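Please look over the sequence and the model shown here before reading on.

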Amino acid sequence: FDEGSLLKACCGAGGEHNFDMDMMCGGLGASTCADPARHVSWDGIHLTQQAYRAMALSILMEGFAQPAESVQGIWSC
């Protein structure tokens, strides 16, 4: 992710965080960043697909989610 965009929405209407409750993404005056994959937040409320992907990979592949011992015995990979 682009370090300068960690607190800015990709799609929004300006300001410090590119977020305005009165002018949401898709409305007149809102703009979209050139590369959503480099942003964490899509519209100030929802994450970008890349942020959801990073979160899911962390949960599934890096041991943040681990089934109970009894389930691991049944579903061993």
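Does C25 count as buried, exposed or partly exposed? At 29% relative accessibility, C25 counts as partly exposed, where buried means under 20% relative accessible area, exposed means over 50%, and partly exposed lies in between (1.4 Å probe, protein chains only). This is a predicted model, in which local features need pLDDT of at least 70 and side-chain atom pairs count only at pLDDT 80 or more, while totals for chains, interfaces and linings use all residues. Residues are numbered from 1 along each chain as its sequence is written, and side-chain values use heavy atoms, with hydrogens and water left out.

The confidence of the prediction deserves attention before the details. The protein averages a pLDDT of 86, and 82% of the residues score at least 70; pLDDT is the predictor's confidence in each residue, from 0 to 100. Among the elements, strand β1 (residues 11-12) has the highest mean value, 95, whereas helix α2 (residues 69-74) has the lowest, 67. Where pLDDT is low, the predicted coordinates should not be read in detail.

The protein contains two helices and two strands, and from the N terminus on these elements run β-β-α-α. Helices (H or I, at least four residues) and strands (E, at least two) are DSSP runs, numbered from the N terminus. Of the 77 residues, 16% count as buried.

The structure holds two disulfides, a disulfide being taken as a pair of cysteine sulfur atoms within 2.5 Å. One of them joins C10 to C33, with 1.9 Å from S to S. This pair links distant parts of the chain, since C10 is in the segment before β1 and C33 is in the loop between β2 (31-32) and α1 (49-61), 23 residues apart. The torsion about the S-S bond of C10 and C33 is about -85°, and the disulfide is therefore left-handed. C10 itself counts as buried because its relative accessibility is 2%.

The other disulfide joins C11 to C25, again with an S to S distance of 1.9 Å. This pair, too, links distant parts of the chain, with C11 in strand β1 and C25 in the loop between β1 and β2, 14 residues apart. With 90° about the S-S bond, the link of C11 and C25 is right-handed. C11 counts as buried at 3% relative accessibility, whereas C25 is partly exposed at 29%. With bonded cysteines counted along the chain, the disulfides follow the pattern 1-4, 2-3.

The loop between β1 and β2 also holds D20, which counts as partly exposed at 30% relative accessibility. A polar atom of the D20 side chain lies 2.9 Å from the backbone nitrogen of D22. D20 and A30 are 10 residues apart in sequence, and their C-alpha atoms are 9.3 Å apart in space. In the loop between β2 and α1 is L47, which is partly exposed at 29% relative accessibility. L47 and C10 are 37 residues apart in sequence and 9.4 Å apart in space, C-alpha to C-alpha.

Finally, helix α1 includes M55, which is partly exposed with a relative accessible area of 40%. M55 belongs to a nonpolar surface patch of about 610 Å², made by Y52, M55, L57, I59, L60 and M61. Patches are made of residues with over 30% relative accessible area and no salt bridge, with like charges joined within 9 Å and nonpolar side chains (Val, Leu, Ile, Met, Phe, Trp, Tyr) within 5 Å; a salt bridge is a side-chain nitrogen of Lys or Arg within 4 Å of a carboxyl oxygen of Asp or Glu.

How values were computed:
Accessible areas come from the Shrake-Rupley method with a 1.4 Å probe; for residues, only the protein chains shown count as cover. A polar contact is a pair of N or O atoms within 3.5 Å; within protein, one must be able to donate a hydrogen and the other to accept it, and residues adjacent in sequence count only if both atoms are side-chain atoms.
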